[in-house]
Amino acid sequence: MSRERPKRSSLPPAQENIEKLEKVVSEGNFYGAQQMYKTVSARYIAAERYAEALDILESGACLQLQNGQITCGAELAALFVEALVKGNYACDDQTLDRVSNIYKKFPQMTIPEHLGDDDDVQQLAEALGAAKTRVECCSSFLKAALKWSSQFGPHRAGSPELHSMLAEYIYSESPEVDMAKVSFHFVRGNNPKKFASTLVNFMGKCYPSEDDLAIARGILILQRDALPLFNMLKASYKPSIDRDPAFHEFLDLIAERFYGVQRRNPLQGMFGDIFKMMGGE
């Protein structure tokens, strides 16, 4: 026997449930509140009252995250995205603001820098574990949101705003930063200045001999349609690039091959000869 779908009129206004659930959270019953958020929102979705389900899930995700309940908050955040899909919500500025509102509630915490006795080591281990959980939970939420935005928005690769959020959170919160992953999302985002400043910050954490490598990684991962950012990065790091003529030539070849920028002497020099042999020209 199939379960009867709740009637639209049989459910109270969402705000009544939101207030009740806020009280449960304020009493410290986070697990109990979590189950109630999931059950109550599911009833509104079953009744196709998606707007109210979204209100409940957004409120719950933000409240749990504000109280440090990362996994609970992330689960409700993921359900919020599922409700967007089920309700066929377009990826517009208003809905992106709601996703951003949840994203901003994911905490950002510093990891202890100085080690001392065993208590400090234990504290560091706990902080690293918590940071990993935060990154995994926030990444899972934003990746789901990116999938929704690619399906219901104008950008096939997903919303640039969401890509920027994900890049910034991974960089700021990861115990071990994967710059390839960070760059992947930044170049699909809408904040090239933040990308450039992140590269500068990352260079400060590298060994001196790795500075140019950090720049090269950032530039090489750019997409074909990112020529303005490519040029901006070249200009920003011109003093470093000028130290080695071969590096300059390599970047010119990248500009030609990936962005169609014609060189005066495209097949001169070491890198040109290599590409010439590879192309069989």
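Trainee: How many aromatic pairs does the count come to?

Mentor: Please note that this is a predicted model. The count comes to four aromatic pairs.

Trainee: How is a pair of aromatic rings described?

Mentor: One gives the distance of the centres and the angle of the planes. For Phe106 and Phe141, the ring centres are 5.9 Å apart and the planes stand at 20 degrees, so this pair is stacked. Planes under 30 degrees apart count as stacked.

Trainee: Which parts of the chain does the pair of Phe106 and Phe141 tie together?

Mentor: Phe106 belongs to the loop between H5 and helix H6 (118-152), whereas Phe141 is in helix H6, so the pair ties together parts 35 residues apart in sequence. Phe106 is buried, at 3% relative accessibility, and Phe141 is buried as well, with a relative accessible area of 1%.

Trainee: What kind of aromatic pair do Phe106 and Tyr169 form?

Mentor: Their pair is edge-to-face, with 6.2 Å centre to centre and 70 degrees between the planes. It links the loop between H5 and H6, where Phe106 lies, to Tyr169 in helix H7 (residues 160-173), 63 residues apart. Tyr169 is buried, with a relative accessible area of 1%.

Trainee: Which residues do the ring pairs link into a cluster?

Mentor: The cluster consists of Tyr103, Phe106, Phe141 and Tyr169.

Trainee: Turning to charge, which residues gather in a patch of negative charge on the surface?

Mentor: They are Asp92, Asp93, Asp97 and Glu161. Asp93 is located in helix H5 (residues 93-103).

Trainee: Is Asp93 buried or exposed?

Mentor: Asp93 has a relative accessible area of 59% and is therefore exposed, the cut-off being over 50%.

Notes: Residues are numbered from 1 along each chain as its sequence is written. This is a predicted model: local features need pLDDT of at least 70, side-chain atom pairs count only at pLDDT 80 or more; totals for chains, interfaces and linings use all residues. Side-chain values use heavy atoms; hydrogens and water are left out. Patches are made of residues with over 30% relative accessible area and no salt bridge: like charges are joined within 9 Å, nonpolar side chains (Val, Leu, Ile, Met, Phe, Trp, Tyr) within 5 Å. Accessible areas come from the Shrake-Rupley method with a 1.4 Å probe; for residues, only the protein chains shown count as cover. A salt bridge is a side-chain nitrogen of Lys or Arg within 4 Å of a carboxyl oxygen of Asp or Glu. Lys and Arg count as positive and Asp and Glu as negative; His and the chain ends are not counted. The place of a charge is taken as NZ of Lys, CZ of Arg, CG of Asp or CD of Glu. Helices (H or I, at least four residues) and strands (E, at least two) are DSSP runs, numbered from the N terminus. Buried means under 20% relative accessible area, exposed over 50%, partly exposed in between (1.4 Å probe, protein chains only). Rings of Phe, Tyr and Trp (its six-membered ring) pair if their centres lie within 6.5 Å; planes under 30 degrees apart count as stacked, over 60 as edge-to-face and the rest as tilted.
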